[in-house]
Amino acid sequence: MKIKKIKNIKTSETILSVFQNIHKVMKIKRIFFVNAKKKCIRGKHAHKNCTQVLMSVKGDFSLEIINNKVKKNIRLKEMKNYVIVPPKHWINVHFEKNQKLMVMCDFNFLRTDYINNFKIFKNIN
């Protein structure tokens, strides 16, 4: 798991947020956004093969990422940083109302790639 900074270039009119060379980490096959209507926890799963990149588009997020029975708490800041989550890492994303998260994946959606039961996840790690 890697946390990376996003380069922000400010002008008087705009802020250009750049994150590049992601192709060196993975080939992106799917991008999706999660928009929170209310406070909730999403994720609650791991992937067998899929690597994900998570970036906050709106709001600051608290993430719990678990691997080898070690839990890391990470703070994603809106358009400031992103995290690369490799396979076999359990993730919980804590949303507040009106937050938006972008997720990029190196696999298309495949239900059999998901590990949705934490007890099963602990036994494979």
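**Exercise 1.** Which residue of β11 stands opposite S56?

*Solution.* The model is predicted.
Step 1: Find the two strands. β6 covers residues 52–58 and β11 covers residues 100–105.
Step 2: Check how they are joined. 6 bridges link β6 to β11, and the two strands run antiparallel.
Step 3: Read off the partner. S56 faces L101 in β11.

**Exercise 2.** Work out the strand order of the open sheet, and name its edge strands.

*Solution.* 
Step 1: Count the strands. The open sheet has 5.
Step 2: The sequence of strands is β1-β9-β6-β11-β4, with antiparallel pairing.
Step 3: Look for strands that pair on one side only. These are β1 (2–5) and β4 (30–35), the edge strands.
Step 4: From one strand to the next, it averages 25°.

**Exercise 3.** Locate K44 and K88, then decide for each: buried, partly exposed or exposed?

*Solution.* 
Step 1: Start with the background. Most residues other than glycine have a negative phi.
Step 2: Take K44. Its phi is positive, near 50°. K44 sits within strand β5, residues 40–47.
Step 3: Take K88. Its phi is also positive, about 65°, and K88 is not a glycine. K88 belongs to the loop between β9 (81–85) and β10 (90–95).
Step 4: Apply the cut-offs. Buried means under 20% relative accessible area, and exposed means over 50%.
Step 5: Classify K44. The relative accessible area of K44 is 43%, so K44 is partly exposed.
Step 6: Classify K88. The relative accessible area of K88 is 40%, so K88 is partly exposed.

Definitions and conventions:
Residues are numbered from 1 along each chain as its sequence is written. This is a predicted model: local features need pLDDT of at least 70, side-chain atom pairs count only at pLDDT 80 or more; totals for chains, interfaces and linings use all residues. Side-chain values use heavy atoms; hydrogens and water are left out. Two strands pair if DSSP finds at least two bridges between them. Helices (H or I, at least four residues) and strands (E, at least two) are DSSP runs, numbered from the N terminus. Axes are lines fitted to C-alpha atoms, for helices over the stretch in contact, and angles run from 0 to 180 degrees between N-to-C directions. Buried means under 20% relative accessible area, exposed over 50%, partly exposed in between (1.4 Å probe, protein chains only).
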